[in-house]
Structures are given as C-alpha cells and as structure tokens.
Amino acid sequence: MFRRTVLALGTAALMAGPALAETHSMDIVDTAAGAGNFNTLATAIEAAGLTETLKGEGPFTVFAPNDDAFAALPAGTLDTLLADPEALAEILTYHVVPGAVMSSDIEVGIMPVTTVNGAEATVTNSDDVISIDDATVVGVDIEASNGVIHEIDAVIMPQ
C-alpha cells in the first residue's frame, strides 16, 4: 500500500511539474506579449530598447497599460513616442517599480513609490480599488518569472 501511494504521488508530481514550471517560466516581456491585451506595450518596450532589461533578473513590478489605454492617448501621441525611443523609455520606466509587489502587499491608503526612472508615483488603495497616479488597476497579480504585472487603464506620465 505504501509503495503504491509513493508511486502515485511521484507520478502526479512528474506530471504536474512541467505545468507548474510553465506558469512562471516566462519573463515579464513574454508574459505581457502572451496575455493578448498588452500588444501595444510589447511594441513600445521593443521600440524603447527595454526588452533585455525587462527580461532581466528583476524582480520588477510593472503597472502595464493595456491596449485600450494606449488607444485613448491623443491622436498621434503614440506614433510620436515610438519615433523617440528616449522619451518612450522614460515613460515606460515610470510604469516599473523595483521588486515584486503583489496586490495584497499594497496597504490601504496613499503610498509614494520611486519608479525605475527615478521619479515618484503615487499608489492608492481605497476600498480595494488600487490606482497609480491617474490610472486604475483593472487586473492584478499576473505573475512572471522575474516579477509581476498589474494591468492599468491609462498610460501614466512622469511629473
């Protein structure tokens, strides 16, 4: 009986291992690209030359504007930014905070955070509604091998 239980548990672990490993084997860039609602962000990351950085060890927390957020920018803004990798990188790194911060780690209240570009953003948690500056978090805790992604409904700009 004991031998049969050990064999069953071992087989289950072998079968589950690849499935569990695949869950977090993709980095932030690949996770965002595979999600389906961050296509513009993936294009912007590449245009800004940030792919290797965001594929790096991390950990990072990315407040990731979804495709609708980029579509809501004034006409021509995205094209202008894609043509200016430096300005685009400054804006995109404003969406990144060092460390892996899960939504459950964000305390109720107002919390200033220093972004990767060095500027300060404001994270607010009020009645389980989390926001960063003027963007609302609409999807939380999308885990990646080198951090976490929180989906936001607007592109935020450094002050």
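I take two strands as paired if DSSP finds at least two bridges between them. Helices (H or I, at least four residues) and strands (E, at least two) are DSSP runs, numbered from the N terminus.

**Basis.** I worked on a predicted model, in which local features need pLDDT of at least 70 and side-chain atom pairs count only at pLDDT 80 or more, whereas totals for chains, interfaces and linings use all residues. Residues are numbered from 1 along each chain as its sequence is written, and side-chain values use heavy atoms, with hydrogens and water left out.

**Overall.** I found seven helices and seven strands in the protein. Along the sequence they follow the pattern α-α-α-α-β-α-α-α-β-β-β-β-β-β. Of the 159 residues, 37% count as buried (under 20% relative accessible area; exposed is over 50%, partly exposed in between; 1.4 Å probe, protein chains only). I also looked up contacts (heavy atoms within 4.5 Å): of those with a separation of 6 or more, 64% come from residues 24 or more positions apart.

**Sheet.** I traced an open sheet of seven strands in the order S2-S1-S7-S6-S5-S4-S3, with mixed pairing. Strands S2 (96-98) and S3 (109-114) stand at the edges; each has a single partner strand, so one side of each lacks a neighbour in the sheet. Neighbouring strands are turned by 30° against each other on average, direction ignored. Axes here are lines fitted to C-alpha atoms, for helices over the stretch in contact, and angles run from 0 to 180 degrees between N-to-C directions.

I then examined S1 and S7 (residues 147-152), which pair in the parallel sense over six bridges. Phenylalanine 60 stands opposite glycine 147 in S7. Helix H2 (residues 28-35) lies across S1, S6 (135-144) and S7, at about 35° to S7.

**Asparagine 66.** I located this residue in the loop between S1 (60-65) and helix H5 (67-71). Asparagine 66 is buried, with a relative accessible area of 8%. Leaving aside residues up to four places away in sequence, asparagine 66 touches Asn37, Phe38, Val138, Glu151, Ile152 and Asp153. Alanine 32 is 34 residues from asparagine 66 in sequence, and their C-alpha atoms are 9.5 Å apart.

**H3 and H7.** I checked helices H3 (residues 39-47) and H7 (residues 85-93), whose axes come within 9 Å and cross at roughly 125°. The two helices are therefore oblique to each other (under 35 degrees is roughly parallel, over 145 roughly antiparallel, 65 to 115 roughly perpendicular, the rest oblique). Leu41, Ala44, Ile45 and Ala47 of H3 make the contact with Pro85, Leu88 and Leu92 of H7.
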